[in-house]
Amino acid sequence: MSENLHGLLQSPQPPALENVMAEQGILASILLRNADFDVVAEILRPEHFSARYRGEMYRICGDAIRNGRFADPVTLRSAFQANDAIAEYGPQKAITEILTGMMAAPHSLLRNYAAEIVDMATRRGVRAIANGVLWGTNEFEDDTATAIISRLQDQLQALAAGSDGTRQAKTASTATDALLADTEASWKAGNYLSGLDCGYDTLNRRLRGFRPGAMYVIAGRPGMGKSALGIGIATRMAITEGRGLYWTGEMPAEELMGRVVSARCGLTLDTVLTGMFDGPNGPEPVSGKTMERIVAAGMEAKRIPLVIDDREGLSVQQVAIRARRMAREPEGLKFIVLDYIGLLRGSDAVRRSGNRVNEVTEISGEIARMARELKVPVIALSQLNRQSENREDRRPGMSDIRESGAIEQDARCILGLYREEYALQSRIGADGSVVRNTNESDAVYQKRAAEFDANLERSRGKGEVLILKNRGGKGGIVDMWFDGPTTWFRDQGEDGRGPAW
């Protein structure tokens with residue numbers, strides 16, 4: 001009785017994750033027709049085989065063929081015998097099993113075999129990771145749950161990257177056919193955009209939209225409005241194109257949507273967040289009519305198809321997990337905004353090295369890969385270093401991007417954000433006047449102060465988006481309006497205080 005009960009309590013034996021016939025079929029085809037190696041070489045690696053000796057036979061065949069030698073059981077006999085894994089199993093036994101009843105298979109079938117073998121190998125890897133979790137073999141003494149999860153994500157991502165070889169390369173012919181089909185569709189529709197509509201007409205015309213699969217960077221010094229432009233693009237793009245994902249590492253989702261509501265109803269962010277305003281005798285509640293405006297704007301904001309992830313300290317892989325899930329859902333996924341790169345976390349291995357440049361390089365590469373994998377534009381916000389503030393012209397350049405040159409290389413497009421009004425205001429002293437230089441005469445100071453006041457007045461409410469890099473397109477400056485109280489950007493063709501979205 002106890003033995004029967006013990007049997008019932010045992011976990012079921014998992015199925016074997018191998019396809020021996022597919023592995024033998026590929027080896028047989030290569031040994032009988034060497035050209036078949038090229039059909040699967042891009043997809044299949046020796047470690048994908050379930051039996052090590054078969055993987056070694058595949059490797060030896062491949063080495064011989066790549067070196068221009070003929071590969072068959074006779075010419076490779078000594079190489080097979082000298083290999084420890086094959087010798088342990090038995091070279092003649094292995095060859096007999098492979099060639100008995102086998103023949104060279106059609107190329108389409110070989111590719112299917114290879115994809116099956118890779119899939120089985122990937123699933124074995126997933127099972128090994130799961131067993132490591134079950135038995136705690138991949139944990140260290142000082143580990144935290146967060147560190148373990150991060151390591152698991154790294155391992156799963158490596159498995160996914162390794163199985164990507166099953167995707168076939170495109171010929172010039174098929175790639176051109178796809179290009180011409182897209183071009184003809186745009187031509188017939190009269191659509192000048194080759195990417196997604198960001199909701200800002202001037203930016204659309206310069207960039208031709210935000211292309212799926214590309215990484216875009218919005219860079220600026222603190223206070224210039226990176227988050228304002230990021231949420232502005234996300235809001236308008238979501239309304240125009242469909243559901244997007246916005247990750248923010250520095251503000252709660254409620255505050256982010258407060259900006260959207262603030263811009264919609266034309267009230268300051270503080271008023272929207274608190275329902276109060278600064279009256280003559282101190283803070284006072286807004287009127288019932290004003291509260292109705294806030295609620296009405298909020299009801300409009302609820303309809304925006306935007307998902308906000310405000311978890312702190314995430315890695316790109318953690319953001320990608322949510323993005324992949326969204327992409328599989330009926331609503332789909334059209335774009336991602338990351339606010340901002342400096343708050344994303346690299347892998348544990350890179351972080352332990354203590355080299356922040358290497359960490360940002362890794363993060364930038366993962367953002368670019370995520371965009372390509374999910375086939376959506378990923379818009380990443382980035383800080384600029386302080387060098388630009390030491391120049392007479394404080395407009396940013398690509399060399400001002402903080403911590404890593406990899407961002408310049410990975411991004412399809414880099415947009416530098418600059419507001420002269422904000423830059424000038426940083427030079428105003430506590431008395432409300434421009435700071436006086438040491439040993440500056442009254443006449444010189446008064447002249448400089450007058451010029452400063454004129455420049456400040458001329459720059460009020462204006463912003464610039466500098467196109468620092470635009471792969472396949474033009475650079476230049478896109479002039480915009482910036483509404484400080486509601487922290488919102490608008491095209492210069494729009495009313496500076498008109499509808500935000």
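Reader: How many bridges join strand β2 to β5?
Author: This is a predicted model, in which local features need pLDDT of at least 70 and side-chain atom pairs count only at pLDDT 80 or more, while totals for chains, interfaces and linings use all residues. Residues are numbered from 1 along each chain as its sequence is written, and side-chain values use heavy atoms, with hydrogens and water left out. Helices (H or I, at least four residues) and strands (E, at least two) are DSSP runs numbered from the N terminus, and two strands pair if DSSP finds at least two bridges between them. Strand β2 (residues 244-248) and β5 run parallel, and the number of bridges joining them is 4.

Reader: What is the bridge partner of glycine 244 in β5?
Author: Strands of a sheet pair through backbone hydrogen bonds, either parallel or antiparallel. For β2 and β5 the sense is parallel. In β5, glycine 244 has as its bridge partner leucine 306.

Reader: Which strands stand at the edges, each with a single partner strand?
Author: The open sheet has 9 strands with mixed pairing, in the order β5-β2-β6-β7-β1-β8-β9-β10-β11. Two strands have a single partner each, so one side of each is left without a neighbour in the sheet; these edge strands are β5 (306-309) and β11 (488-491).

Reader: What does the twist average from one strand to the next?
Author: Axes are lines fitted to C-alpha atoms (for helices over the stretch in contact), and angles between N-to-C directions run from 0 to 180 degrees. From one strand to the next, the twist averages 25 degrees.

Reader: At about what angle does helix α12 run to β11?
Author: Helix α12 (residues 226-241) lies across several strands, including β1 (215-220), β6 (335-339), β7 (378-383) and β8 (413-418). Contact here means heavy atoms within 4.5 Å. The helix also lies across β11, to which it runs at about 60 degrees.

Reader: How many of the 9 residues of β9 are buried?
Author: Buried means under 20% relative accessible area, exposed over 50%, and partly exposed in between (1.4 Å probe, protein chains only). β9 is joined to β8 by 6 antiparallel bridges, with leucine 417 partnered by valine 465. β9 also pairs with β10 in the antiparallel sense over 6 bridges. β9 is largely enclosed by the rest of the structure, because the number of its residues that are buried is 7.

Reader: Which residue takes a positive phi in the hairpin of β10 and β11?
Author: Strands β10 and β11 run antiparallel and are joined by 4 bridges, and phenylalanine 482 has phenylalanine 489 as its bridge partner. The hairpin has 4 residues between the strands, and the residue with a positive phi, near 45 degrees, is threonine 487.

Reader: Which residues point the other way from Trp488 and Arg490 in β11?
Author: In a regular strand the side chains alternate between the two faces of the sheet. Trp488 and Arg490 point one way from β11 and are buried; the residues pointing the other way, also buried, are Phe489 and Asp491.

Reader: Which element gives the most to the lining of the second largest pocket?
Author: On a 1 Å grid over the protein atoms alone, a pocket is an open set of points where a 1.4 Å probe fits, with protein on both sides within 12 Å along at least five of seven lines, and lining residues have an atom within 4 Å of a point. The second largest pocket is lined by 23 residues, and among those nearest its centre are Tyr418 and Arg427. α20, α21, β9 and β10 each supply at least two residues of the lining. With 6 residues, the element that gives the most is α21.

Reader: How far apart in space are isoleucine 428 and phenylalanine 452, C-alpha to C-alpha?
Author: Isoleucine 428 lies in the loop between α20 (420-425) and α21 (442-459), and counts as partly exposed at 26% relative accessibility. Residues that isoleucine 428 touches include Val434, Phe452 and Leu456. Isoleucine 428 and phenylalanine 452 are 24 residues apart in sequence, and their C-alpha separation is 9.8 Å.

Reader: What is omega for the cis peptide bond from aspartate 339 to tyrosine 340?
Author: Tyrosine 340 lies in the loop between β6 and α17 (348-353). The peptide bond from aspartate 339 to tyrosine 340 is cis, and its omega is near 5 degrees.

Reader: What relative accessible area does lysine 375 have?
Author: Most residues other than glycine have a negative phi, and most peptide bonds are trans. Lysine 375, in the loop between α18 (356-374) and β7, has a positive phi of about 55 degrees. Lysine 375 is exposed, because its relative accessible area is 57%.

Terms used:
Lists of a residue's contacts leave out its neighbours within four places in sequence.
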